[in-house]
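Student: I have a structure to go through. Can we test each label against its cut-off?
Tutor: Gladly. Here it is.

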Amino acid sequence: MQPDDSQYLQRKCRIGDIDVHPTEKALVVYYEVEASILGESGNARHEEKKECQKIIRLRSLNASTDISSLARKVVEECKIIHPSKLAEVEHLLLYLQNRKKPSSKSEKKEKKPLKPRELLPFEGMEIDEEANINKIDDYIELLYENIPEKIRGSTLILHLARNPDNLEELLHNETALGALARVLREDWKHSVELATTIIYVFFCFSRLYRMHQCLAECAIRGQRRTDPHDSCSSCSFSQFHGLITHYKIGVLCMNIIEHELKKYDLWQDELEKKSKACDEDPDNQSLRKEHEKTLKKYQSFLVKQEQLLRVAFYLLLNLSEDTRTELKMRNKNIVHLLVKSLERENEELLVLVVSFLKKLSIFLENKNDMAEMDTVEKLARLVPCEHEDLMNVTLRLLHNLSFDTGLRTKMVHVGLLPKLTALLGDDTHKHIAMRILYHISVDDKSKSMFAYTDCIPQLMQMLFELGEERIDTELISFCINLAANKTNAQIICEGNGLKMLMKRALKMKDPLLMKMIRNVSQHDGTLKQLFIDYVGDLAAQIKLEGNEEFVIECLGTMANLTIPDLDWELLLKEYNLVPYLKDHLKPGSAEDDLILEVVIMIGTVSMDDSCAVMLAKSGIIPALIELLNAQQEDDEFVCQIIYVFYQMVFHQATRDVIIKDTQAPAYLIDLMHDKNVEIRQVCDNTLDIIAEYDEEWGKKIQSEKFRWHNSQWLEMVESRQMEDAEPYLYGDDPDALEQPDLFYSTDGMMPPEPGLSPDFYSQFHSQNGDFSACNGAEARPATAYGFRPDEPFFHGYGSSR
């Protein structure tokens, strides 16, 4: 067509789907452009269609963006989007707004767990004839001849079985399967090649079995899953299961594996003897030649045996998809066979063995078997390794085992800590490595070991490289645990470490990052002194509305700062904190966690004499008593409130208020015999100080101690008085019990200690809201990551998976 034949060009645009960009903050609009060249008469002379897409990048989209307004703007400015699509655009923008960001722009996706690589043809499978399903009867006949013919017949059947189109017909051929099972049962000791080939045939059928199990699981979850052989698998599953049960293929495979592992041990012993003989007589050439000959035989044996082991283990792995079958394997000691095979060097075999162990490791019985067989020690040599799939599945098995406290300790003992730390720099494996390290960091004994690796500097670098991006939960949870150790906390604060953490936490209002800082603040010595520069910033955050978790961590951090150089009075006045503290003591005024932190904060501030007076005058003591009544069933609240009274009775002004103007001593007397040991100890020491300074309360306290230590005797006396209606035992004076000369000896009772410092009871001061009675012990930080390692991760075979 010549240009002068046409009159004009007509274009039409048809809108298609609108979707979100897979990685960026952007919408992708799909549309079709139709171009028509019209002739003089207006008829189309030539038409072309082209599918196009337009990417609308939304750089301003963030958590505070008004989605409705942004959607309207997108529709108005993008002419190819019809106004009727506004609701759809708004929905997609909302999805983008809530979509989780990757922790780093350069971060690669974590490698997904892979199943072991499919079995490939191996040495001995080559044959000079093409297998034909129509000649199956001829192949069966070969199974009744000598070993070479049996190998040929089984190999031809294997070639048929490797084609999925033949499986259905073979599965219905009971003669063929029966003959194969008989030959395997009778001749497996005579030929490794024959055993390998026949097991491979059954392995081909086991893939149907495993596929059926996967389809069944998908159906239970309500998922749809299509497969080219669905119809075959569904109709053949029950038949194959009956076949395996009837011929006892699984048991036979395990017997074969056990036998082969014993042969391997014998070969190892033989090689060791000949190697030792050569070392003792290095000039004996005949010994050396014999050793080399034996070594060649061993290498040939090893290649064939590992082919057999791989196909046998793979068959068992497929059969273990049924939990009942897996339990039978466990009873036949499958874990022992697998762990024994970890000594091999064949990487493909190791991938299969470790994958099988990972599958079994979620059951408690199997995990215990692995612990007894030193599985962690054998896995340690595989980390790191160059085979990526083996490395991945090994780390995942270690992750499963790391839920057990004893196995975590073993991981440290066998030197896995520095190896796992080195993997933090590997984008492929760093996530799974961090999860294992996180579990290890839960144990207090293991926390200190991280100080001798470069783990903490790597983690700090990860934190600082994030900029304004959200910190990954695994990363910050790991850092929280490490900060609970003093040596680790010192490394964290090196250079500008603490300054950078505080700057980010205050800017992002990140409660988990502040929890990490709070753990750092709990350590005595120079670490607490570092926080003096940030006390004002922390105090300014306390009155913030809408982020209670962050406020709790700020309060907890300030409450940890029991240092003499801090002017608490100036701080309370400058930020007007006393009304805030008093208001948040009212039951129900806030969440219990926040109220508890306020109580702990008051306990810390009360160490200062002028602050204690300020708090007493504000009416905080009655508020504490009211809170004590409301929370009397919560031991942590009770202990922390009593600790506040303990601090206040050291100061003259507040002591007089507590003794004369409140009923706090009466409450303390009631708690003298509480079931909680820590509460009793704090009460006793507080009452001893009160008894020393107030004679009247001293008598009441001494009387109560007398009643307690002589309760049985008093019960007997009161009982006799009730029965005999006798007058008072000591006359008619009802106050006779208050006469000092009638008291039993108080030897052994805790005497008043007027010189006792508040620091004596610093061991009862809660750290991070968790009361600890152990002096110097670190409170375990609360974790934000999924599940805790000490929660029941492992299942028994009697429970659901």
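**Labels and cut-offs**

Tutor: Start with E260, which has a relative accessibility of 2% and counts as buried. Keep in mind that this is a predicted model.

Student: Why does E260 count as buried?

Tutor: Buried means under 20% relative accessible area. E260 has 2%, so the label holds.

Student: What makes E260 and K263 a salt bridge?

Tutor: The cut-off is within 4 Å, nitrogen to carboxyl oxygen. Their side chains meet at 3.6 Å, N to O. Both residues sit in helix α9, 3 residues apart, about one helical turn. K263, at 24%, is partly exposed.

Student: How do you know that K700 and E696 form a salt bridge?

Tutor: Their closest N and O atoms are 3.8 Å apart, and the limit is 4 Å. They are 4 residues apart in helix α38, again about one helical turn.

Student: Why is E696 called exposed?

Tutor: Exposed means over 50%. E696 has 54%, so it qualifies. K700 has 40% and therefore counts as partly exposed.

Student: What makes α33 roughly antiparallel to α34?

Tutor: The two helices pack at an angle of about 155°, with axes 10 Å apart. Angles over 145 degrees count as roughly antiparallel. That makes α33 roughly antiparallel to α34.

Student: Which residues make the contact?

Tutor: From α33, they include I621 and L624; from α34, F637 and I641 are among them. By class, the contact has 11 nonpolar, no polar and no charged residues. The crossing is left-handed.

Conventions. Residues are numbered from 1 along each chain as its sequence is written. This is a predicted model: local features need pLDDT of at least 70, side-chain atom pairs count only at pLDDT 80 or more; totals for chains, interfaces and linings use all residues. Side-chain values use heavy atoms; hydrogens and water are left out. Axes are lines fitted to C-alpha atoms, for helices over the stretch in contact, and angles run from 0 to 180 degrees between N-to-C directions. Angles under 35 degrees count as roughly parallel, over 145 as roughly antiparallel, 65 to 115 as roughly perpendicular and the rest as oblique. A crossing is left-handed if the near helix is turned anticlockwise from the far one by less than a right angle, and right-handed if clockwise. Contact means heavy atoms within 4.5 Å. Ala, Val, Leu, Ile, Met, Phe, Trp, Tyr, Cys and Pro count as nonpolar, Asp, Glu, Lys and Arg as charged, and the others, Gly among them, as polar. Buried means under 20% relative accessible area, exposed over 50%, partly exposed in between (1.4 Å probe, protein chains only).
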